[in-house]
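This briefing looks at how two chains of an assembly are arranged and how they meet. Please keep the structure open beside the text while reading.

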Number of protein chains: 4
Amino acid sequence: MTHKIAILGASGYTGAELVRLIATHPTMEIVALAANSKAGLSMADVFPHLRHLDLPDLVKIDEIDFAGVDLCFCALPHATSQAVIKELPKTLKIVDLSADFRLRDPEVYAQWYGGQHDALECQAEAVYGLTEFYRDDIRAARLVAGTGCNAATGQYALRPLIADGLIDLDDIIIDLKTGVSGAGRSLKENLLHAELSEGAHAYAVGGTHRHLAEFDQEFSAVAGRPVKVQFTPHLLPANRGIIATVYVKGDADAVYKSLSNAYADEPFVQMLPFGQQPSTRHIRGSNFCHIGVSGDRIPGRAIVIAALDNLTKGSSGQALQNANLMLGEEETLGLMLAPVFP
Amino acid sequence: MTHKIAILGASGYTGAELVRLIATHPTMEIVALAANSKAGLSMADVFPHLRHLDLPDLVKIDEIDFAGVDLCFCALPHATSQAVIKELPKTLKIVDLSADFRLRDPEVYAQWYGGQHDALECQAEAVYGLTEFYRDDIRAARLVAGTGCNAATGQYALRPLIADGLIDLDDIIIDLKTGVSGAGRSLKENLLHAELSEGAHAYAVGGTHRHLAEFDQEFSAVAGRPVKVQFTPHLLPANRGIIATVYVKGDADAVYKSLSNAYADEPFVQMLPFGQQPSTRHIRGSNFCHIGVSGDRIPGRAIVIAALDNLTKGSSGQALQNANLMLGEEETLGLMLAPVFP
Amino acid sequence: MTHKIAILGASGYTGAELVRLIATHPTMEIVALAANSKAGLSMADVFPHLRHLDLPDLVKIDEIDFAGVDLCFCALPHATSQAVIKELPKTLKIVDLSADFRLRDPEVYAQWYGGQHDALECQAEAVYGLTEFYRDDIRAARLVAGTGCNAATGQYALRPLIADGLIDLDDIIIDLKTGVSGAGRSLKENLLHAELSEGAHAYAVGGTHRHLAEFDQEFSAVAGRPVKVQFTPHLLPANRGIIATVYVKGDADAVYKSLSNAYADEPFVQMLPFGQQPSTRHIRGSNFCHIGVSGDRIPGRAIVIAALDNLTKGSSGQALQNANLMLGEEETLGLMLAPVFP
Amino acid sequence: MTHKIAILGASGYTGAELVRLIATHPTMEIVALAANSKAGLSMADVFPHLRHLDLPDLVKIDEIDFAGVDLCFCALPHATSQAVIKELPKTLKIVDLSADFRLRDPEVYAQWYGGQHDALECQAEAVYGLTEFYRDDIRAARLVAGTGCNAATGQYALRPLIADGLIDLDDIIIDLKTGVSGAGRSLKENLLHAELSEGAHAYAVGGTHRHLAEFDQEFSAVAGRPVKVQFTPHLLPANRGIIATVYVKGDADAVYKSLSNAYADEPFVQMLPFGQQPSTRHIRGSNFCHIGVSGDRIPGRAIVIAALDNLTKGSSGQALQNANLMLGEEETLGLMLAPVFP
């Protein structure tokens, strides 16, 4: 049986990544691609790397007949997404890749995203899309909220450690480095090649990045008490990939054991041998997350480093993984593509 | 039915690329991986991006029992390959990715590669592996000689034009730009990141690059008379991708029509609309070749630009395409992976 | 004696490059920096790499008192420049970096730049700024028109050959590769890091790039007859640097001798030994142009490859070289900075 | 008066960077360049970007007559340096760029560098070359030991804070990202372009990087008690530049004030406005260090980020700054080159 798929926001990088992945997915068929600003164009006009595919042309969202759609990926900008989703049929399965439905508390949403949520009833039913930790809920969900790509990376490194009570909850630092595609295909001076190539810098320093809202929500829930981490993202001169270097106070062997147990049966989260470290180049273009653990010369400290591809495991691959579950398919279907190296 | 596959030279980039592609190939199983210098290591030690795969450890070539192998990819360095292949079972299907069996004339081989060929009887039976033009021979072949990656790119742009008699055969210029992975995983000062990043330069200028031997052999055969082209390769600060800008004297519309006809039914060679140009970023990681044609303000001149991924369509993808034919499979099986962009 | 310098268009890359160079120039002092869209900001706000300098804040052009200015660099966008320059004091020395005053024939200007020129009397007095070939005129000029960066590169490779009558004037191909900073600090999707990194493509193929107007004008003047070349620019995944691979029909030894003679006493144009080739990485950040010559295996053909930094020798360094002459200084003053490698 | 300069180890990146800087230094003249493995070659053969300079050819070290040398830069590999320096004339002024003379305690040296020091009497007289903090000693020194590039970056961020007693000495984390040129021009697989481009990874995790020995020595001396930091270096896909993100426990405003006071009169260390962050692209090719400070949403925590060019301020620029002092010149002479951006 083939599932009919629509993608809203198909002219952005996460939209294109969904198309790339679904291109070789055996039981999904793309029946509608929407991008309001580029309606009328073919996908090959907007993304020439997809020209070999037989795809529907881009249309406006309100031109889509959702009656013939089994599942809709919504890859629209933050805030836009909620306005669109609340108007979609209430029976339509939806995986949203924006930030609009990640936060369960409307007040927290308002605080981090600067305004009241416009689709509170959808927000109430949304399931947080970190597959490995919400698998059963996702299988039963109608609306899944994809996680932030940075938020996913940090959580893979930390959730088991918090759950197992292994680390000092008041002293967690996530120093994260990300490729530029996470910022999307937006016309900003600081995303120009000439501005970024051969350079690196931190941004949103000191606790202002919105993915902190996800960390706060999730880590506090796992811990059963408020947890606040320090989080510093940096922009790398690379297109894809996130690497998070996480500093914790706890026993490194116990940390390694906790993570190894947590991910022993996970198809996409791979523990490296103790003392080895991941690289973004080894997960590029794939749905895998590599995690390494090292102790420090200072006893009682451990460094956990997690790497994933922000466009794949950090957003569109995760979305497809969730969609597989929602549609009753094998979770890994169409997602076992090996990383592209070099 | 599953075909048992061996890869010799698995510790190089083309070997790793074969493993990447076969990882999601539905009817091939890797049963042996050889790399003499790294025998005893796991593939994850040598290529951490492949750590999610259940692969045999690296062994020495003479440790392999070829009785259980249906097809062998030979991704060894030039000259090494012939010595190995002549000792392999004479019934074993082989796709060789080196330069050792590309040239039909032993004297030409000796002239370009600096020594007598050591496996002349194998050379005599080898079929040149440019799939789109040797498909029937490849289907019946025991030993297929993969083409040079630059040689493939230039031929996609030019073979139909020569066959159709549309261009001046004495005035063809191929100005080619290639990513660095084409040079392999070899320890050379000029392949260091600090030497290459942010720079570009020509090499093998003036008719000294060995892929010219393939151009000479193939273009002369197509034309039925000697054809010598000018060919200048340049090294780009990028890992993957070749783009060949080909200057010909001929009518641009006729050139476009000839190429369009030649590739109308080809699954992997894509003609862009007239006047549009390809980019290496739009074929990265895939088996596709994109070709664009433009006229010039000077009447009677045309520019043909072809782009492909040197590791995929230029070597390992081509090899797998040929292996599919040799094993009686669909030519495209396992090869429809979409390009990875951005 | 210190010369008082103003820079109009200081918020662009060529403006910033002028400031970088003048920072260590011993006899120039920047007294005014204009950038209408960023007036009121400090230069450190707009270009943090210049924060160590004691510079005037950015102002609007009409806030500058030109009475205290000895020479004005105009680094404004094409078309904007002419409107500004015609209103400046008629005694002010000006080096314009735009395309507005490069073409001597107003009809040719209109044809390539899509409209009538708005400052014809200035156009009439402007001297073409290719220093090595217009040195005496530049010394006496009030208004110098900086060349196109691509146009400069191609001319260094070709002017002596045309002047010496060594090559077939009807069969010249310039295949040029340029870094992205040549496109300026403009918000265009195709200049984003995620669009360009790890890729390469041709643009303005077939005789449509505006720098062809300069090639036509200059080469025809040198030859004493109309000369039209083929010119294909490509965009490289690098910030700085142009490399032009020029295919000519002529004797390679004679070509080498001609260029060697022409540049024997030039401080900034360096001939490599015969058969060696330049790289953009070896001129980065400097005012040098490296030129290599090779013969081809086909007799009677030569390949000339020239490399320079588009922001330095291709625009701002050239502008400063010209300003030195106009102000009676040594031509090389402040310009002998060595290239930055790696 | 012109100082006669010799450079030992001129075929490496730091050697080349010294030549680049001295090229425009007004009172230094290079009289000897040594590189044992490349003796007999010209500098243009080894570093084509320096071909415009009139330089002595490369010789073996023992071919140099040090009687005519005022100051010698020693840019040899670690361990090699001590064997060479102990044989040089005892009156020769020397700036060593290796790690051989950085550590005052021979036992600590042996522990981190794996063997007994071979020139203990030189080690005893060597002055640590972090100019801003050892200025007077350097002025009087005969032998100055250049600092590690990472060690310099971390110390600029932390020394004033430790001296002023503002931070918790038991909880300092330096998460550092560096370009690849810091690893030198060495033939290692992990330094190939194809291995590094588009990727990022940590190395020497957990307290094993040798620059920790410098941190320990210096921070403990400043604090008057043992101080051990956590330090995780990462390799960036960029040629130049180090950025260190330093996490401390202390009041952010006090931290900012302390650093601002410490560097108020320093020509090369630039404090950004509070809350702004540096980028490696803004110091590239220069001798400047940019430092930014931010508070965190968690009270009592501060983030200090320092950026410098590893080849300039981190090694060869620092060496020249020290040489200026040792020769009685202005400390900034020849070093005010502005950063190269983009």
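Contact here means that heavy atoms lie within 4.5 Å. The model is a predicted one, and by that definition 51 residues of chain D are in contact with 51 residues of chain A.

**The interface of chain D and chain A**
- About 4,200 Å² is buried between chain D and chain A, and carbon and sulfur atoms give 47% of that area.
- D:E198, D:Q230 and D:R297 supply 19% of the area that chain D buries against chain A, which is more than any other three residues supply.
- Across this interface there are 8 salt bridges, and 36 residue pairs are in polar contact, both residues being at pLDDT 80 or more.
- The elements of chain D that give two or more residues to the side touching chain A include α9 (211–223), β10 (230–235) and β11 (242–249).
- A:R301 forms a salt bridge with D:D171, with the closest N and O atoms 3.7 Å apart.

**The nonpolar core**
- The largest nonpolar core has 414 residues, and A:F73, B:F73, C:F73 and D:F73 are those with the most contacts inside it.
- Leaving aside neighbours within four places in sequence, B:F73 is in contact with residues including B:I5, B:L18, B:V95 and B:A323.

Definitions and conventions
Residues are numbered from 1 along each chain as its sequence is written. Chains are lettered from A and ligands numbered from 1 in the order in which they are written. This is a predicted model: local features need pLDDT of at least 70, side-chain atom pairs count only at pLDDT 80 or more; totals for chains, interfaces and linings use all residues. Side-chain values use heavy atoms; hydrogens and water are left out. A nonpolar core is a set of buried Ala, Val, Leu, Ile, Met, Phe, Trp, Tyr and Cys residues joined through side-chain atoms within 4.5 Å. Buried means under 20% relative accessible area, exposed over 50%, partly exposed in between (1.4 Å probe, protein chains only). Buried area is the accessible area (1.4 Å probe) that two parts lose on being put together, summed over both. A salt bridge is a side-chain nitrogen of Lys or Arg within 4 Å of a carboxyl oxygen of Asp or Glu. A polar contact is a pair of N or O atoms within 3.5 Å; within protein, one must be able to donate a hydrogen and the other to accept it, and residues adjacent in sequence count only if both atoms are side-chain atoms. Helices (H or I, at least four residues) and strands (E, at least two) are DSSP runs, numbered from the N terminus.
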